[in-house]
Amino acid sequence: MTFRIKPAMLKIAAAAWLLGATGAMAADTTLEFTQWWEPELPAGSLRAIMDDFEAANPGIKVTLVSGPYATTRDQISVGAATGTLSDVVGLDGAWVNNLNAQNALADMNPMMDASKFDKAQVADIIKVDGKAVMFPVASFVYPVFVNLDLAAQAGVTKLPSTRAEFLEAAKKMTHADKNQYGWVLPLSLQTPSGVQNDMMSWVWASGQSMMANGKPALEGKPVVDMLAFVKSLNDAGTISPGIATKTEQEKVEEFVNDRVGMMIDSLAHVNLIRKRNPKLNFDLIPVPVVENYTGKRGLPYASWGIGISAVSKHQEEAWKLVQYLMSEKVNAKLVSLANAFPGNVNAKPDFVTSDKAFAKAFEIFKTGYLANEFTGLPVAEDLMTQFDVQAQKMLAGEQSPEQAAAAAQKGWMAKF
């Protein structure tokens with residue numbers, strides 16, 4: 001018997017096939033990834049990494065939502081408040097406490113457990129209230145940059161390793177009549193990160209802390225001694241003028257133009273410095289420590305962090321992207337592009353074998369440990385601002401280091 005297919009049946013079969021194909025296409029998951037990294041990387045490089053991820057994970061697509069750091073921060077803040085946060089978000093450690101308080105970030109602990117993720121491979125896991133909310137994907141350490149020509153002219157034959165040696169070197173490198181100074185300290189209230197990068201870094205370098213049992217300990221010896229040290233540098237006239245209004249960008253410009261001998265700054269600025277002044281002869285050293293300290297040195301740092309939105313409907317797929325970016329080979333590729341240090345402890349950036357300055361910084365990185373106690377603190381930028389105000393009063397001669405620390409402690413405790 002011959003079975004004849006009627007035209008109507010063909011139409012039904014075709015419709016069913018089309019519906020199935022459309023359904024398959026609709027099954028693709030599109031992840032939205034908001035970050036500020038793409039504009040800071042070589043053009044097209046982050047998109048290329050996403051393309052590789054998509055190829056390795058059929059059915060998952062990634063849309064990059066990119067903008068400058070400040071714009072991204074505001075966008076993420078709005079997304080958290082309105083429940084519209086992207087599936088995957090680039091994070092600064094200073095933001096995570098506030099975002100966690102809004103229940104905006106997913107806890108990645110269950111995801112790590114379910115996927116048997118090797119926690120030992122990551123440099124750090126940022127936790128708030130026990131929740132794993134952020135991995136540092138790429139870290140930018142803050143060593144001391146030293147202008148070797150100014151040091152040689154001043155008779156500084158040994159680069160400083162202790163605070164006392166730093167003070168002496170700064171004095172020798174200061175020639176106010178030539179508008180040259182030993183050190184530069186940016187304490188603009190508009191960008192109070194100088195408190196974190198240029199002041200507290202002295203505390204962390206010596207293995208010390210500004211906290212105790214999860215609470216501020218600003219009146220303790222480590223912070224008071226740091227303030228007294230900074231005051232001694234200022235009293236000796238070694239700090240470039242304009243501290244109260246100076247920004248990080250202006251700090252770098254002064255170093256680039258041979259106006260300061262030493263500065264604490266992000267490794268991310270090495271190429272910028274070379275571009276601005278190709279003839280500048282500089283070296284990198286760890287932040288000097290207190291006398292007789294022999295332990296590991298804390299390295300101040302800032303990170304490109306990553307987390308997952310608590311309201312994302314695609315957390316499983318988002319976790320795959322996070323794992324991909326934290327994997328050894330991919331992480332090494334990303335940080336090589338960014339001139340940063342890896343979030344995966346087994347990853348080795350290309351530049352450590354091809355660039356003398358980065359190789360030196362990598363040695364500093366390997367012998368120390370990442371330290372930034374502002375990561376995860378509530379209203380971290382507000383805390384920096386409060387400390388900034390008191391430090392400025394101290395440097396203006398209006399109060400002692402002890403009084404500055406006490407005033408800052410009172411302000412901080414109101415936030416805890």
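**Reading the features**

Modeller: Let us begin with a lining: that of the largest pocket divides into 19 nonpolar, 15 polar and seven charged residues. Here Ala, Val, Leu, Ile, Met, Phe, Trp, Tyr, Cys and Pro count as nonpolar, Asp, Glu, Lys and Arg as charged, and the others, Gly among them, as polar. The model is a predicted one, in which local features need pLDDT of at least 70 and side-chain atom pairs count only at pLDDT 80 or more, while totals for chains, interfaces and linings use all residues. Residues are numbered from 1 along each chain as its sequence is written, and side-chain values use heavy atoms, with hydrogens and water left out.

Biologist: How is a pocket found, and what volume does the largest pocket have?

Modeller: Rolling a probe the size of a water molecule over the atoms shows where empty space is left. On a 1 Å grid over the protein atoms alone, points where a 1.4 Å probe fits but cannot get out form a cavity, whereas a pocket is an open set with protein on both sides within 12 Å along at least five of seven lines; lining residues have an atom within 4 Å of a point. Grid points are joined across faces, edges and corners, and the volume is the space filled by probe spheres set on the points. For the largest pocket the volume is about 1300 Å³. Its lining has 41 residues, of which Glu40, Tyr69, Tyr142, Glu248 and His269 lie nearest the centre. Elements that give two or more residues to this lining include α3, β5, α10 (248–256) and β12 (298–308).

Biologist: How are such elements defined, and how many helices and strands does the chain have?

Modeller: Both are DSSP runs numbered from the N terminus: helices are H or I with at least four residues, and strands are E with at least two. The chain has 17 helices and 14 strands. Its C-alpha atoms fill a box of roughly 105 × 50 × 35 Å along the principal axes.

Biologist: How is burial read, and what share of the residues is buried?

Modeller: Buried means under 20% relative accessible area, exposed over 50%, and partly exposed in between, with a 1.4 Å probe and protein chains only. Of the 416 residues, 52% count as buried.

Biologist: How many aromatic pairs are there?

Modeller: Rings of Phe, Tyr and Trp (its six-membered ring) pair if their centres lie within 6.5 Å; planes under 30 degrees apart are stacked, over 60 edge-to-face, and the rest tilted. The whole structure has 27 aromatic pairs. In one of them, the ring centres of Tyr69 and Trp95 are 5.4 Å apart and the planes meet at 45°, so this pair is tilted. Tyr69 belongs to helix α3 (residues 69–82) and Trp95 to the loop between β3 (88–91) and α4 (96–101), so the pair ties together parts 26 residues apart in sequence. Tyr69 is partly exposed at 27% relative accessible area, while Trp95 is buried at 7%. Another tilted pair is Phe135 with Trp319, at 6.1 Å centre to centre and 40° between planes. Since Phe135 lies in strand β5 (residues 131–141) and Trp319 in helix α12 (residues 315–326), this pair ties together parts 184 residues apart in sequence. Phe135 is buried, with a relative accessible area of 0%, and Trp319 is buried, with 5%. Ring pairs also link Phe33, Trp36, Trp37, Tyr69, Trp95, Phe140 and Trp304 into a cluster.

Biologist: What span should helix α9 have?

Modeller: The expected span is 1.5 Å times one less than the number of residues. Helix α9 (residues 221–235) has 15 residues and should therefore span 21 Å; its end C-alpha atoms are 20 Å apart, which agrees. Just after α9, Gly237 takes a positive phi of about 75°.

Biologist: Which residues does Leu227 touch?

Modeller: Contact means heavy atoms within 4.5 Å. Leu227 lies in helix α9 and is buried at 1% relative accessibility. Apart from neighbours within four places in sequence, Leu227 is in contact with Met199, Phe387, Met394, Pro401, Ala404 and Ala405. The buried residues of α9 pack against α7 (163–172), β7 (181–183), α8 (193–205), α16 (380–395) and α17 (401–413).
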